[in-house]
Amino acid sequence: MNKFLFALLLLYVAPVQAKLNIFACEPEWGALAQELGADRVDIYTATTALQNPHYIEARPSLLAKARRADLVICTGAELEAGWLPIVLTQSGNAKIQASSPGFFEASSFVVKLEVPQSLDRAQGDVHAAGNPHVHLDPHNIAKIATKLTERFAQLDAANAGAYQAQGGAFQEKWRDAIAGWEARAAPLKGLPIVTYHKDMSYLINWLGLIELANLEPKPGVPPTTGHLTDLLEQLEKKPAKAIVRSAYNNPKPAQWLAERARVPAIVLPFTVGGSEQARNLYGLFDDSVARLLSATNAQ
Amino acid sequence: MLSYALARAALVGSALCVLAAPLAVAASDSELAEIRNEINKVREAYQTRIEALEKRLNDAEAKAQSAQKTAAQAEAAAVGVQSRRSQNSGNPAISLILQGTYANFSEDPETRSIAGFVPGGGEFFPGSRGFSLAESELNIAASVDPYFRGLFTAALTPEDEIEIEEAWIQSLSLGAGFTAKAGRFFSGIGYLNEIHQHAFDFVDFPLAYQAFLGGNYSDDGVQLRWLAPTDLFIEVGTEAGRGRAFPASDRNKNGAASGAVFVHVGDDLGISHSYRAGLSYLHTAPRERSFDDTDSLGNPVVNAFRGNSRLWLADLVYKYAPDGNAQVKNFKLQGEYFWRHESGELGFDDSAGSAQFGALRDAYAARQSGWYVQGVYQFMPRWRAGVRYDRLDSGNAVIGLVQNGAVPGDNFPLLVTGKNPQRASAMLDFSPSEFSRLRLQYARDESRPDGVTDDQIILQYIMSLGAHGAHRF
Ligand SMILES: [Zn+2]
């Protein structure tokens, strides 16, 4: 009888004690949710560092995961325009629709770079809202963390105090970490680089690097031989110190140009999981700065 | 503030020390009084200066604070403007698909039909030889409010007609895994049925879709879907509609004239593989479903079917992309199997008008099946190659009018069964970006009743303007 009562009590208590079920579109938001939610959250990350978050399909597995989510954390700014609307509307989950507190659009809380003056696909797949890859500036992470802490506290009011404490501790540690990265990255100021896609803009802006060109002729258009040949010519006049790509980019075009222009090709983790060192958000920036510094040392 | 107070104390202290030094030398009372006086004067002077400094510092601090506040406000405003801007750009989302083809057929497309199958009434895209404009598709979609979403898709045909392909509303807030849809929509049966032709991997429909559904099966009605709360994707759906198109026929009837149920199951197998499998059933009850044929003398006749049409579909889609990254290489395998049982009455030569069903009529029953399988491989960015094989089994039809001798069998050339139409296709396409695609397709079509092989070469362009399309699985 006691056992029965205990089981009943568990049933009653269980939903209150349940963890927040989180669906993170990209690994960086999964990692941030982990920092801020610790053991109060269960996180499913929809994409990996080896996948371009734009070119994902609304796979059955994503629908099944979204069906049970309490909170969807995504970049927004049209990055997931091809698949997230399907996942949200087909999930049958009222909690995570775009107008609900269960939907968190990270990029909407920071100032975006490269907001286009005009929208014309002749310019490539430009995003009306500006460049969506906001997470590569750690100051943006801090701002988004503040908002995410508030959201956790709103959705799981019983633990609001714990989220605030956890959030405060994170902000302090993160501020120190930023100071460390900025000190170490001082020699990177003015470093001329070539990137694969316009996905490094926030890192470039933060560290004061100079982006000479992209391997993609236009955003979202894969590199062509013609464009790479032009770039080679351009680099002879104005040399770059490194050709930088994300872990998910096709390595071939970067290698092609690196060999001919005799410039090191660097792979940046881009997000958590993109390299062995980038195991969490701290590792992501530690490793990104270290890899860029290796380019300055090489020459 | 603390450091400022310390500095102030030090300043006053050192001033006093300097001034107090002569004290030890001269010691007369008047002198002492004078010195005290001086000290007081200096003290007062410093006091005023210190107060002035203090005030300046306070002012500067306030200024700095308000500057910080202004910066924060400016940033908040910028964030606000940016998010407003992104909403305006996409509400409603409007897109337009432009398509065109150049086709070379060895046989006349006007005389095309599939051996042993009643024509589905759909368009056998691409329709004609030479250059032609294919359907242009206009798409408008948006959230209505927090509770509903709406979509409108119109096809503008090369014949200057507008056809509403889809126009539906969908619930957003039912929760518990339920989603309801109402209006005109592509049925959830099968795999390809819900996909618009411009998103196909080949120029045209598989033969089975043409024979059993006349293209996409679209109806006016309601749909309810439920997604199970499990890690494995399990989706169940049901539909009820008016039965406005083949294999149904419009019936002027209260209630529903067609119904469908479907189950989909899917998952990832590791990081690189994923699949979806489905089983669907569509029941329709056509009443005056007429079709054109020719009798044994070569005269045009209009025949009609009424009864029950039951269609079962099984579909499987499997996709592979190394590390789940489809950008460089990926592979897609897809197949569907159709099985249909139709039973009822067949009326011969109803050309007098649909008011009377068949002056000559008798029982009709047919069991038919068909399938296709196709594979598409992206071997490098932008380039894909694919093959498809189609096969139908026209089964055996029991035509009462023929069996009882009322009408000789050669008066139903379209219903002559025992043939197995087949077709093999290969395609190569090039997509300069996500929004444009050029395709070359060759097909060897052996589906005609006369058994003649039609060699088909088709060049196609598909371009998408405006709002970003969906990356369906
Ligand atoms: Zn896309």
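This report covers a disulfide, a chain interface and one serine in a predicted model.

## Ground rules

The model is predicted, so local features need pLDDT of at least 70 and side-chain atom pairs count only at pLDDT 80 or more, while totals for chains, interfaces and linings use all residues. Residues are numbered from 1 along each chain as its sequence is written, chains are lettered from A and ligands numbered from 1 in the order in which they are written, and side-chain values use heavy atoms, with hydrogens and water left out.

## The disulfide

Search the whole structure, over all chains, and you get one disulfide (a pair of cysteine sulfur atoms within 2.5 Å). The partners are A:Cys25 and A:Cys74, with their sulfur atoms 1.9 Å apart. This pair ties together distant parts of the chain, 49 residues apart: A:Cys25 sits in the loop between strand 1 (20-24) and helix 2 (27-37) of chain A, and A:Cys74 belongs to strand 3 (residues 71-74) of chain A. Helices (H or I, at least four residues) and strands (E, at least two) are DSSP runs, numbered from the N terminus.

As for geometry, the torsion about the S-S bond of A:Cys25 and A:Cys74 comes out at about 50 degrees, so the disulfide is right-handed.

## Where chain A meets chain B

On the chain A side, 47 residues are in contact with 55 residues of chain B, contact being heavy atoms within 4.5 Å. The two chains bury about 4,100 Å² between them, 52% of it on carbon and sulfur atoms; buried area is the accessible area (1.4 Å probe) that two parts lose on being put together, summed over both. In chain A, the most area is lost to chain B by A:Pro60, A:Arg67 and A:Arg121, together 15% of what that side buries.

There are four salt bridges across this interface (a side-chain nitrogen of Lys or Arg within 4 Å of a carboxyl oxygen of Asp or Glu). One of them pairs A:Arg68 with B:Asp231, the closest N and O atoms being 2.5 Å apart. Helix 3 (60-67) and helix 4 (84-90) of chain A each supply at least two residues of the side that touches chain B, and helix 3 gives the largest share, six residues.

## A serine in chain B

B:Ser171 is in strand 5 (residues 162-171) of chain B. Its relative accessibility is 8%, so B:Ser171 counts as buried. Leaving aside neighbours within four places in sequence, B:Ser171 is in contact with B:Tyr147, B:Phe148, B:Phe178, B:Thr179 and B:Ala180.

Conventions. Buried < 20%, exposed > 50% of the residue type's maximum accessible area, 1.4 Å probe, protein only.
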